[in-house]
Amino acid sequence: MSLVDNERKIKELQAKRAVTEDQKEFDELSQEIDTLTKETYHHLTAWDRVSIARHPSRPKASDFIEGLFDHFYELHGDRCYGDDQAIIGGIGYFHDMPVTVIAQAKGKTLEENLNRHFGMCNPEGYRKALRLARQAEKFHRPIITFVDTAGAYPGIEAEERGQAQAIAECLYTFSDLKTPVICIVLSEGGSGGALALSVADRICMLENAIYSVLSPEGFASILWKDDSRVQEAAEVMKLTSYDLYDKGIADYLVKEPTGGMQNDLKLVLDNIDQYLQKELDVLTHTKEKDLLEKRYQKFRKIGVMS
């Protein structure tokens, strides 16, 4: 059975266990749940991790902002066109250190997802990110970005307002920002929409996050003209956090509880909190010239074949 089928079976067993009054049946159901859970999550395929990254209950950027930062104050607009709800940006405190937070935001309900374009940013979203990044540089605040998008918004209105240029300006600007930047890939990291906020001194990925040039569905459709080969595409694309770590693109992986971070968000938040404390201490004490040189070398090495 697939991951989705197994998860459905586990939920059915849990529901049955919740109403049973027979201790023997309770114990048997518990054993069956434990066995099926271990079998389901012991050897995850790339497509399984794609499914977990897209899980509707998976925590969103807003959960991380609430759990990691104090006194967060959201800032709005790109001072040019409008305020893109697919980007949450603002200023907060991380252990008494002022930081700028820029996050790609998916919604928790259908209505919220429609307002946020399912985390797919318009040009004004990237321009808002640029505005906040330059402000952070001016006041020497470290920047924390959260990536969670299937890609940039593909509508014609986005193209009319300069989608490609907005993404390109993000790449250009973030590569030369004179303040530390840490990127955390939460779930989906798709295409240039994700790359726009991923030029950073450190790239951290959640264990079940994915990061790729396009979706497995798009890959199968374009390369093989057969979208039924989506699971094969996921394997070929090497898009899991472990693949990215092995290639030297991701610098750190945050372990998740069995089944995904929605099953123990506090554990994940604690791990990220510790990681941010450690890396911010290093980066904020790095000379500006060295910071920029190391960032440059980090991205120059990506794609080099040994």
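Which strands each supply at least two residues of the lining of the largest cavity?

The model is predicted, so local features need pLDDT of at least 70 and side-chain atom pairs count only at pLDDT 80 or more, while totals for chains, interfaces and linings use all residues. Residues are numbered from 1 along each chain as its sequence is written, and side-chain values use heavy atoms, with hydrogens and water left out.

**View 1. The largest cavity and its lining.** The structure holds 1 cavity of 30 Å³ or more, a cavity being a set of points, on a 1 Å grid over the protein atoms alone, where a 1.4 Å probe fits but cannot get out. About 60 Å³ of space lies in the largest cavity; this volume is the space filled by probe spheres set on the points, which are joined across faces, edges and corners. Lining residues, which have an atom within 4 Å of a point, include Arg54, Ala150, Ser215 and Pro216. Strand S5 (181-190) and strand S7 (210-212) are the strands that each supply at least two lining residues, and S5 gives the most, with 3 residues. Strands (E, at least two residues) and helices (H or I, at least four) are DSSP runs numbered from the N terminus. By class, the lining has 4 nonpolar residues (Ala, Val, Leu, Ile, Met, Phe, Trp, Tyr, Cys and Pro), 2 charged residues (Asp, Glu, Lys and Arg) and 4 polar residues (the others, Gly among them).

**View 2. His95 and its partners Asp273 and Gln277.** His95 is found in the loop between strand S2 (87-94) and strand S3 (97-104). Because its relative accessibility is 46%, His95 counts as partly exposed, a class between buried (under 20% relative accessible area) and exposed (over 50%), for a 1.4 Å probe and protein chains only. Leaving aside neighbours within four places in sequence, His95 is in contact (heavy atoms within 4.5 Å) with Asp273 and Gln277. His95 and Asp273 are 178 residues apart along the chain, and their C-alpha atoms are separated by 9.3 Å. A polar contact of 2.9 Å joins the side chains of His95 and Asp273; the term denotes a pair of N or O atoms within 3.5 Å, of which, within protein, one must be able to donate a hydrogen and the other to accept it, and residues adjacent in sequence count only if both atoms are side-chain atoms.

**View 3. Ser191, a residue with positive phi.** Ser191 is not a glycine, yet has a positive phi of about 60°. Ser191 belongs to helix H9 (residues 191-195) and is partly exposed, at 36% relative accessibility.

Notes. 1 Å grid on protein atoms, 1.4 Å probe; cavity = no way out; pocket = protein on both sides within 12 Å on 5 of 7 lines; lining within 4 Å.
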